Amino acid sequence: MEKFDVIVIGGGHAGCEAAYASAKLGCRTAMLIPNISTIAKMSCNPAIGGPGKSQIVREIDALGGLMAAVIDQSGIQFRTLNASKGPAVRANRAQADTKVYEYVMRNILDKTENLKIIEAEAHEIEADNGKVKGIVLNNGNKLKASCVIVSTGTFLNGLLHTGMEQTPGGRAGDAPSTKLSSSLKKLGVKLSRLKTGTPPRLDKNSIDYSALKPQKGDSPPQPFSYFTEKLERPEELCHLTWTNERTHEVIKNSLHRSPLFSGVIEGVGPRYCPSIEDKVVRFPEKSSHHIFLEPVSLDSPEVYPNGISTSLPADVQLDFIRTVEGLEKAEIIKPGYAVEYDFAQPTQIYPTLETKKVGGLFFAGQINGTSGYEEAAGQGLLAGINAARKVKEKEPLTLHRSKSYIGVMIDDLTTLGTQEPYRMFTSRAEHRLVMRQDNADTRLCETGLRIGLLPEPKYLAYKKKQEKINLLVKNLNRKMIAPNKETIAVLREHNMPKINDPVSVAQYLRRPDVTIEKNRIFGDLSEFSDEVILRAEIEIKYEGYIKRQEKWIKELEGIENIPIATGINYSGISGLSTELAQKLTAIKPMTFGQASRISGITPAALSILMVHLKTKKQKNA
């Protein structure tokens with residue numbers, strides 16, 4: 001029987017980050033995947049990033065993970081979203097050459113010490129006395145391990161729907177994992193059903209691009225990784241078109257053939273990324289919906305029509321697509337479909353992502369009810385880190401919601417659970433002004449170095465850049481400008497607001513209609529990179545707001561971080577209702593802050609809990 005420290009089941013975005021982190025932290029790690037050629041496969045949209053998601057990717061990068069570096073090596077278009085809005089909601093998004101993305105990720109994993117990739121399917125997780133012992137493979141062989149990470153994506157009991165046709169599978173062309181679902185149930189894990197979907201893939205040679213609106217990327221493009229110096233790959237155009245009333249009419253007339261509306265699909269779908277038939281029904285007042293035509297690879301004719309996810313029959317898909325401008329002669333390479341799959345309500349795991357039922361068993365990705373590559377990768381990274389730390393008998397790493405979007409996501413999942421596929425948005429983070437995508441390095445590089453995942457050369461590069469930012473902020477606070485003839489002329493030349501009294505450059509920069517420009521008012525900025533200049537400008541312009549938010553966070557920390565022992569007997573706390581005692585017992589909050597966010601917990605219950613914790617602390621003193 002072959003022995004490992006950590007076994008990762010699945011080779012998607014969660015599995016890749018988990019296996020890499022575990023191996024890099026010195027654990028002998030196995031990654032199991034039924035088809036080795038599908039490692040890091042982008043089963044749905046060919047892109048990384050977006051609001052809330054780009055922040056997660058940057059945090060993965062700052063901690064020492066892979067996703068940002070891989071998209072930088074495989075991206076074919078990079079864009080900044082919400083560029084005209086405040087820095088808290090700005091987001092990077094990159095179109096990927098999906099074939100190159102898979103190749104780059106596989107190449108990194110192949111070269112990672114302590115990591116063995118095994119082409120096999122896990123049929124059973126073995127445990128004894130509430131602790132993981134290993135797994136049983138589809139061929140009957142057994143692998144021993146101290147920790148197992150389940151990151152199976154949509155494969156747990158997966159069922160594909162195209163019209164009334166049903167096919168077992170985790171995605172088109174790949175079989176589902178059914179026996180693993182049964183094994184998890186035997187271990188006491190409660191499973192429910194969710195649903196997600198994907199649009200048909202179109203042949204780019206059948207599209208009339210002359211009728212479409214082109215979408216270019218940024219020039220120059222901005223890398224995702226803090227440690228990428230230059231993007232080398234060629235840029236590819238995306239295009240935009242719209243559905244219309246004829247499209248909607250075809251869809252409405254075919255709803256009786258939709259598994260979603262005929263009751264065939266039982267799983268709950270994503271509210272924030274609905275299928276096109278769902279959009280047509282839910283928003284009857286809208287006469288059109290965007291369709292973003294995104295290339296899948298420079299070496300493939302496939303185009304991903306983002307915005308028309310569907311489970312309608314293949315013939316209906318072709319009919320409604322051909323009502324769209326530019327797609328009148330479109331050919332479908334692969335029909336769209338919905339996939340229904342098992343997930344474990346995430347209140348069954350701790351914020352470390354270890355399950356409460358079985359020690360050493362971790363869940364990461366869509367098994368926890370999330371959707372999206374980025375959300376999966378963030379969970380995979382933390383699961384890999386904590387599995388390795390458990391093996392090494394070190395304290396687990398938890399990421400607080402005031403420090404990271406990964407922390408927000410995991411706190412939401414483990415405290416509140418989810419009834420639909422969970423997707424990250426900036427609106428979920430109450431401290432988003434101090435958790436921007438530009439400053440994830442400031443927030444997490446120290447942690448990445450401390451846990452041993454971020455290499456020291458990358459940490460030193462971060463420190464050098466931070467020193468540059470601090471120097472520029474200092475210079476702009478020191479430098480004064482006066483309303484003399486020269487200054488007035490420069491302001492007029494750059495169409496900038498006038499000044500009546502001497503002010504520091506930093507004070508002037510705080511005006512909402514003033515941005516840094518390389519002119520004499522701001523001095524010689526040639527020694528500073530564009531990133532450093534932007535970061536310095538944000539720090540100065542939003543200094544007051546950031547300080548207030550940081551003060552708020554600090555004031556909350558004293559109460560938020562009060563620890564709660566996992567073995568506490570809530571039913572024995574006088575004054576707590578049976579319902580709330582049961583909720584606290586099920587979720588097992590690790591801190592008072594987490595307990596305060598459990599659905600239905602009242603202020604009175606929190607007061608009772610606080611008194612109990614203080615009394616217990618005094619007795620133990």
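**Figure 1. Salt bridge between K390 and E354.** In this predicted model, the side chains of K390 and E354 meet in a salt bridge, with an N to O distance of 3.1 Å. K390 belongs to helix α9 (residues 373-391), whereas E354 is in the loop between β19 (337-344) and β20 (361-363), so the pair ties together parts that are 36 residues apart in sequence. The two partners can be described by their relative accessibility. K390 counts as partly exposed, at 38%. E354 is buried, because its relative accessible area of 12% falls under 20%. Side chains of opposite charge can pair when their charged atoms come close.

**Figure 2. Salt bridge between E560 and R597.** The closest N and O atoms of E560 and R597 are 2.7 Å apart, and the two residues form a salt bridge. E560 lies in helix α16 (residues 543-560) and R597 in the loop between α18 (592-596) and α19 (603-620), so this contact ties together parts that are 37 residues apart in sequence. E560 is buried, with a relative accessible area of 12%, while R597 is partly exposed, with a value of 23%. Both residues also belong to a network of salt bridges, in which R401, D411, D412, E430, E560 and R597 are linked.

**Figure 3. Salt bridge between E2 and R28.** The count of salt bridges in the model comes to 30. One of them joins the side chains of E2 and R28, at 3.1 Å from N to O. The pair links distant parts of the chain, with E2 in strand β1 (residues 2-9) and R28 in the loop between α1 (13-24) and β2, 26 residues apart. E2 is partly exposed, with a relative accessible area of 28%. R28 is likewise partly exposed, with a relative accessible area of 36%.

**Figure 4. Patch of positive charge on the surface.** Four lysines are shown in this view: K3, K131, K133 and K144 gather in a patch of positive charge on the surface. Among them, K131 is found in strand β8 (residues 131-137). K131 has a relative accessible area of 54% and is therefore exposed, the limit for this class being over 50%.

**Figure 5. Helix α3 and its buried residues.** Helix α3 spans residues 67-74, and seven of its eight residues are buried, so the helix is largely enclosed by the rest of the structure. The buried residues of α3 are M67, A68, A69, V70, I71, D72 and S74.

Figure 6. A40 is not a glycine, yet its phi is positive, at about 60°. The residue is placed in the loop between β2 (29-33) and β3 (47-49). A40 is buried, with a relative accessible area of 0%. N82 also has a positive phi of about 60° although it is not a glycine. N82 lies in the loop between β4 (75-81) and β5 (91-96). N82 is partly exposed, with a relative accessible area of 26%.

**Figure 7. Cis peptide bond between S219 and P220.** The peptide bond from S219 to P220 is cis, and its omega is near 0°. P220 is part of the loop between β14 (213-215) and β15 (238-242).

**Figure 8. Positions of N205 and P502.** N205 is found in the loop between β13 (201-203) and β14. N205 is exposed, with a relative accessible area of 64%. From C-alpha to C-alpha, N205 and P502 are 62 Å apart in space, and the two residues are 297 residues apart in sequence.

**Figure 9. Domain division of the chain.** The chain is divided into domain 1 (1-454), domain 2 (466-546) and domain 3 (562-620). The C-alpha centres of domain 2 and domain 3 lie 50 Å apart.

Definitions and conventions. Residues are numbered from 1 along each chain as its sequence is written. This is a predicted model: local features need pLDDT of at least 70, side-chain atom pairs count only at pLDDT 80 or more; totals for chains, interfaces and linings use all residues. Side-chain values use heavy atoms; hydrogens and water are left out. Patches are made of residues with over 30% relative accessible area and no salt bridge: like charges are joined within 9 Å, nonpolar side chains (Val, Leu, Ile, Met, Phe, Trp, Tyr) within 5 Å. Accessible areas come from the Shrake-Rupley method with a 1.4 Å probe; for residues, only the protein chains shown count as cover. Lys and Arg count as positive and Asp and Glu as negative; His and the chain ends are not counted. The place of a charge is taken as NZ of Lys, CZ of Arg, CG of Asp or CD of Glu. Helices (H or I, at least four residues) and strands (E, at least two) are DSSP runs, numbered from the N terminus. Buried means under 20% relative accessible area, exposed over 50%, partly exposed in between (1.4 Å probe, protein chains only). Domain bounds come from an automatic or database domain assignment.
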